[in-house]
Amino acid sequence: MLSDKMSKNLNEHIVYELYSGHLYLSMAAACASMNLDGFSNFFIVQEQEERYHAMRFFHYINDKGGDVKITGLDHPETEFKNIEEILEKSLHHEQEVTRRINLLMAQAKDENDFATQDFLQWFVREQVEEEATLDTLLNKVKLVNGEGQGILMLDDQVGQRQFTPPAESE
Ligand code: FEO
């Protein structure tokens, strides 16, 4: 059984994960209009990951007997100068997701809610990977000044990315 406060905050986090997907779809569209189809694919896959994250919360709340409430999403930003700005903003966004996961974990600890702590632990680890992936990509884009042959090679690389849901036991 979840506390009312825990249930409300977990519900809000579903919507934030869906918003993350919305933002990444907007970034995918911006990359496509910059003719960076590989980066566009990268953010389309990122959107699929965010929906998967949201659904983990969805199922957890249901499994614990809570009620899932889905509300509207904020409008994502749609105008970006270049790929460097997109990656900087996506990294900042992931840092905000991490902050929110940490707040949920702190609350679960305060409430001695061990099941929610166990559930959130997966996200604590996932956020390390989320931030590291974007930080590495941003640094590579900076190394090639976001242009020329270098950016085309990076675009090719990230164009290979595919969404693979983690195994159930992970
Ligand atoms: Fe679901 Fe990218 O955090």
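A residue is termed buried when its relative accessible area is under 20%. By that cut-off Phe-123, at 0% relative accessibility in this predicted model, counts as buried. Trp-122 is likewise buried, because its relative accessibility is 8%.

The rings of these two residues form a pair. Their centres lie 4.8 Å apart and their planes meet at 80°; planes over 60 degrees apart count as edge-to-face, so the pair of Trp-122 and Phe-123 is edge-to-face. In total, 10 aromatic pairs were counted. Ring pairs join Trp-122 and Phe-123 to Tyr-52, Phe-57, Tyr-60, Phe-119 and Phe-163 in a cluster. The charged end of Arg-100 is placed over the ring of Tyr-16, at 3.6 Å from the ring centre. For Arg-161, the charged end is over the ring of Phe-42, and the distance to the ring centre is 4.3 Å.

In soluble globular proteins, nonpolar side chains tend to be buried together. In the present model, the largest nonpolar core contains 42 residues. Leu-10, Phe-39, Phe-43, Phe-57, Ile-83, Ile-86 and Leu-87 have the most contacts inside this core. At least two core residues are supplied by each of the helices H1 (4-33), H2 (37-63), H3 (83-110), H4 and H5 (148-158). H1 provides the largest share, with 11 residues. When neighbours within four places in sequence are set aside, the contacts of Leu-10 are Leu-2, Phe-57, Tyr-60, Ile-61, Leu-104 and Thr-116. Phe-57 and Tyr-60, listed among these contacts, are also members of the aromatic cluster.

Helix H2 includes Ser-40. This serine has a relative accessibility of 7% and therefore counts as buried. Apart from neighbours within four places in sequence, Ser-40 is in contact with Ala-28, Cys-31 and Ala-32.

Helix H1 consists of 30 residues, and the distance from its first C-alpha to its last is 44 Å, close to the 44 Å expected at 1.5 Å a residue. Just after H1, Asn-35 adopts a positive phi of about 65°. Helix H4 (residues 114-143) also has 30 residues, and its reach from first to last C-alpha is 44 Å, again close to the expected 44 Å. H4 contains a kink of about 25°, centred on Leu-120.

Key. Residues are numbered from 1 along each chain as its sequence is written. This is a predicted model: local features need pLDDT of at least 70, side-chain atom pairs count only at pLDDT 80 or more; totals for chains, interfaces and linings use all residues. Side-chain values use heavy atoms; hydrogens and water are left out. Helices (H or I, at least four residues) and strands (E, at least two) are DSSP runs, numbered from the N terminus. The expected span of a helix is 1.5 Å times one less than its number of residues. The bend at a residue is the angle between axes fitted to the seven residues ending there and the seven starting there. A nonpolar core is a set of buried Ala, Val, Leu, Ile, Met, Phe, Trp, Tyr and Cys residues joined through side-chain atoms within 4.5 Å. Buried means under 20% relative accessible area, exposed over 50%, partly exposed in between (1.4 Å probe, protein chains only). Contact means heavy atoms within 4.5 Å. Rings of Phe, Tyr and Trp (its six-membered ring) pair if their centres lie within 6.5 Å; planes under 30 degrees apart count as stacked, over 60 as edge-to-face and the rest as tilted. A charge sits over a ring if NZ of Lys or CZ of Arg is within 6 Å of the ring centre and within 35 degrees of the ring normal.
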